Amino acid sequence: NASQQILTQDAGALELYKQKYGQYPETLEEATNAGYTIFGSDHFLKPFYYEVSTNGQSYELKSAGPDKEFGTEDDIFPNR
């Protein structure tokens, strides 16, 4: 699906960011400002959920999916 493709592309950009800086960005905007192409919302035009761990070594990135609510079974995640 389109949102999963966008999320997977974002995840790839986040990996490139981590390779360069040693940790994931605090926000998606931080990666964009560093020159990485990040799409911050899904094809429903709802912003993605992004949260990085306190040590910057892992993150959660997801779309709310068709129901536009996070934490429901139709949430969409990147392919990893």
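Modeller: Before we start: rings of Phe, Tyr and Trp pair if their centres lie within 6.5 Å. Keep in mind that this is a predicted model.

Colleague: Fine. Which residues form one aromatic cluster?

Modeller: A search of the whole structure turns up five aromatic pairs. As for the cluster, its members are Y17, Y21 and Y36.

Colleague: And Y24 with Y59, how many residues apart in sequence are the parts that this pair ties together?

Modeller: The two rings sit 4.7 Å centre to centre with 70° between the planes, an edge-to-face pair. Y24 belongs to the loop between α1 (2–21) and α2 (28–33), while Y59 is in strand β2, so the parts they tie together are 35 residues apart in sequence.

Colleague: Is the Y50 and Y59 pair stacked or tilted?

Modeller: Both Y50 and Y59 are buried. Their ring centres are 5.7 Å apart, and since the planes stand at 40°, the pair counts as tilted.

Colleague: Is K62 buried or exposed?

Modeller: K62 lies over the face of Y49, 5.1 Å from the ring centre. Its relative accessibility is 11%, and the cut-off is under 20%, so K62 counts as buried.

Methods
Residues are numbered from 1 along each chain as its sequence is written. This is a predicted model: local features need pLDDT of at least 70, side-chain atom pairs count only at pLDDT 80 or more; totals for chains, interfaces and linings use all residues. Side-chain values use heavy atoms; hydrogens and water are left out. Buried means under 20% relative accessible area, exposed over 50%, partly exposed in between (1.4 Å probe, protein chains only). Rings of Phe, Tyr and Trp (its six-membered ring) pair if their centres lie within 6.5 Å; planes under 30 degrees apart count as stacked, over 60 as edge-to-face and the rest as tilted. Helices (H or I, at least four residues) and strands (E, at least two) are DSSP runs, numbered from the N terminus. A charge sits over a ring if NZ of Lys or CZ of Arg is within 6 Å of the ring centre and within 35 degrees of the ring normal.
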